[in-house]
Amino acid sequence: MSFGQGGPFDGPGGSSSSTPDWGALAEESETQARRKRWMWIGGGVLAALAVAGIVTAAVMTGGSKGGKPTAAPTASEEAVPDDKPSFPDVSVPPPPNPRDYITDPKKDKAPLTPATLFPQKSMVVGEHSYPRTKTATTKDCTAAAQGPLVSSLSHNGCRQLLRATYAKGGVAVTLGIAVFDSPAQAAKVMNENKANLMPLPGGGVPSDFCQGTKCRMATNATGRYAYFTIAGYLNGKDVTGTETKARQIARDGGAYAFSQITQRGKDQAAKAAEQQLKETREKAGQS
């Protein structure tokens, strides 16, 4: 028996070799190393997949007590409150026209007396103010007129004639407002230009006011009303073309008569508007 450098070795067939096969050993070692690397990588992938599966399952089951998956609502699926206020479909009528109430006798139903037509104690027009001295009314319009105005009022169907006198500073004016069934009748009286209104004395205005003396007279109309003025001096002085006091009170008297008739229409229209609003609210409440 012989002893080699690496120790005793018995080969097949009884033969022996003293040098190992280093190349075969190296190849076998590399093969084992590759097998270990694949096993590590494959295990890591499987572990990652397993974790991902667990997270996905958690997301799918989250928020559902029964364990069933629920999807998050989109913007279009978000809940919309259904408690918005609803308004009934109620049409609001247009506001009444004040002119209708001084034009149409079927609408012009407010009381018509000196107290309602001349309620103020003084006639105030701009910076001018004149105390009221007397008022009167008559259904016989001809009794408050003189001269050609008598026939004009009678032929055109005058229903009522209301008067008021105002005086200050030695001058006075009597206003007359005649009531007709239509604007056409009132306009006809105005166009005939027969403004011979009977003056209304009293309260410091003498009984002969504008009787036998020259006074300033005018006539006009609005709606179904014709209105007149007669103005002059309290001392019987004639009114001339150059004087100013009688002319001023006559102009103020005409403007005041117009404003009082117009205000009558506004008051009735406002009352009708209030009634319309009340009815609209009641209708809305019932809807």
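Figure 1. The model is predicted. Read from the N terminus, the elements of the protein chain follow the order α-α-β-β-α-β-β-α-β-β-α. That gives five helices and six strands. The protein chain has 287 residues, and 29% of them count as buried. Its exposed surface comes to about 18,400 Å², of which carbon and sulfur atoms supply 56%. Take the contacts between residues at least 6 apart in sequence: 67% of these join residues at least 24 apart.

Figure 2. Tyr-227 belongs to strand E6, which covers residues 225–233. Is Tyr-227 buried or exposed? Its relative accessible area is 8%, and buried means under 20%, so Tyr-227 is buried. Leaving aside residues up to four places away in sequence, Tyr-227 touches Gly-176, Ile-177, Ala-218, Thr-219, Asn-220, Ala-221, Thr-222, Gly-254, Ala-257, Phe-258 and Ile-261. Ala-178 is 49 residues from Tyr-227 along the chain, yet the C-alpha atoms of the two are separated by 6.1 Å.

**Figure 3. The aromatic pair of Tyr-166 and Tyr-256.** A pair of aromatic rings is described by two values, the distance of the centres and the angle of the planes. The count for this model is one aromatic pair. The ring centres of Tyr-166 and Tyr-256 are 5.7 Å apart, and the ring planes stand at 75 degrees. Planes over 60 degrees apart count as edge-to-face, so this pair is edge-to-face. Which parts of the chain does the pair tie together? Tyr-166 is in strand E3 (residues 160–168) and Tyr-256 is in helix H5 (residues 245–286), so the pair ties together parts that are 90 residues apart in sequence.

**Figure 4. Lysines over tyrosine rings.** Where does the charged end of Lys-107 sit? It is found over the ring of Tyr-101, at 5.7 Å from the ring centre. In a further case, Lys-237 lies over the face of Tyr-233, 4.9 Å from the centre of the ring.

Notes
Residues numbered from 1 in each chain as written. Predicted model: local features only at pLDDT ≥ 70, side-chain atom pairs only at ≥ 80, totals over all residues. Heavy atoms only, no water. Helix = DSSP H or I, 4+ residues; strand = E, 2+ residues; numbered from the N terminus. Buried < 20%, exposed > 50% of the residue type's maximum accessible area, 1.4 Å probe, protein only. Contact = heavy atoms within 4.5 Å. Areas by Shrake-Rupley, 256 points an atom, 1.4 Å probe, with all protein chains shown as cover. Phe/Tyr/Trp six-rings, centres within 6.5 Å; stacked < 30°, edge-to-face > 60°. Lys NZ or Arg CZ within 6 Å of the ring centre and 35° of its normal.
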